[in-house]
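Trainee: Could you walk me through this one? I'd like to know where the labels come from.

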Amino acid sequence: MRAVLATCLWVSTALGTNAALAAYTPRVAYLLHCSGCHLPDGKSNPPEVPDLRGELGRIVAVPGGRDYLARVPGVSQAPVSDQELAEILNWVLQRFNAKTLPVDFTPLTGKEVGRSRRNVLKDPLKHRAALWERYESSRK
Amino acid sequence: MTLNDAMGKVYGWLDTRTNAASRQLARHTSRRGFINRMGTLLVGAGVLPLLPVARAFGAEGLSEIGDPQSCDYWRYCAFGGTLCSCCGGSLTSCPPGAEPSPITWVGTCHNPADGKNYLISYNDCCGKAICSRCFCHRTEGDRPVYFPSKSNDIIWCFGTESHAYHCTLAVVLSEATEA
């Protein structure tokens with residue numbers, strides 16, 4: 001699972017006429033920017049492409065987890081506004097991780113996501129290793 | 001009346017009826033006419049899918065105009081590669097012997113038949129040597145390869161047994177509904 005997190009690149013795959021022009025519903029934006037690798041149902045193709053179902057709900061409960069989700073290179077570089085990115089992340093969390101999401105979960109905001117995505121992960125592997133230690137101990 | 005006489009009458013009656021029915025059939029049908037109609041049916045069935053007429057795809061349920069074997073077809077607005085519909089496959093299925101890549105890239109194209117935008121998934125079919133027919137390169141929204149997630153020059157044969165590229169599909173995922 002460490003390898004899965006280490007390779008967690010939320011690849012955005014937007015091509016086409018309206019990708020940069022229109023604001024889509026969160027579901028359509030997910031299909032456009034994320035489903036190319038993570039598939040429409042979030043099942044993905046582990047271990048190369050990590051599964052989005054279940055695990056993310058636990059990750060947001062760990063200190064730094066919310067911040068991390070918006071800093072994953074594929075997420076932070078997605079060609080969408082901060083607000084749209086927050087809506088996509090919230091949609092993924094609520095749609096694919098409803099069972100594992102903390103009961104006191106509050107949706108990510110555009111401002112919060114904007115701050116996180118501008119804080120570029122210069123050494124993603126190192127950062128993920130530290131986060132993963134916290135994540136593993138939270139599960140014990 | 002003996003049994004032989006009775007059987008002879010039955011056979012005679014059958015013979016007469018069969019003879020009359022055959023003549024009736026021959027008078028009202030033409031072998032050349034039959035061959036003509038059969039030929040029209042066979043050739044027509046082959047040509048019909050190529051005609052630029054509106055057709056409904058049951059699986060995807062939308063009306064479309066155009067020729068899926070032409071680069072101008074609406075679904076190919078950001079297409080880079082060879083058309084599977086020219087290579088023994090279709091818009092949504094790989095040719096025999098090729099495997100669709102689960103990893104793909106997604107774009108949006110405008111459907112002139114209904115005036116709506118749709119999400120198009122360009123899945124590569126992999127595991128066979130490249131099909132050299134119908135190469136298309138359209139670049140709406142395309143970016144240089146140093147921005148790989150938005151470059152249609154990338155071969156997306158990931159998650160398949162072989163990385164050999166054969167051709168590309170154009171599957172409609174959903175209507176691109178705006179918020």
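Mentor: Let's go through the terms one at a time.

Mentor: This is a predicted model, where local features need pLDDT of at least 70, side-chain atom pairs count only at pLDDT 80 or more, and totals for chains, interfaces and linings use all residues. Residues are numbered from 1 along each chain as its sequence is written, while chains are lettered from A and ligands numbered from 1 in the order in which they are written.

Trainee: What makes S7 and S9 of chain B a pair?

Mentor: Strands are DSSP runs of E, at least two residues, numbered from the N terminus. Two strands pair if DSSP finds at least two bridges between them. S7(B), residues 124–126, and S9(B) have three bridges, so they pair, in the antiparallel sense. Asp124(B), for one, has Thr168(B) as its bridge partner in S9(B).

Trainee: Why are S4 and S9 of chain B called edge strands?

Mentor: The open antiparallel sheet runs S4-S7-S9 in chain B. Strand S4 (99–100) and strand S9 (165–168) of chain B each pair on one side only.

Trainee: How do you know that Leu119(B) touches Val28(A)?

Mentor: Residues are in contact if their C-beta atoms, placed from the backbone, lie within 7 Å. Val28(A) meets that, and so do others including Leu31(A), Leu32(A) and Val106(B).

Technical notes
Helix = DSSP H or I, 4+ residues; strand = E, 2+ residues; numbered from the N terminus. Contact = placed C-beta atoms within 7 Å. Lists of a residue's contacts leave out its neighbours within four places in sequence.
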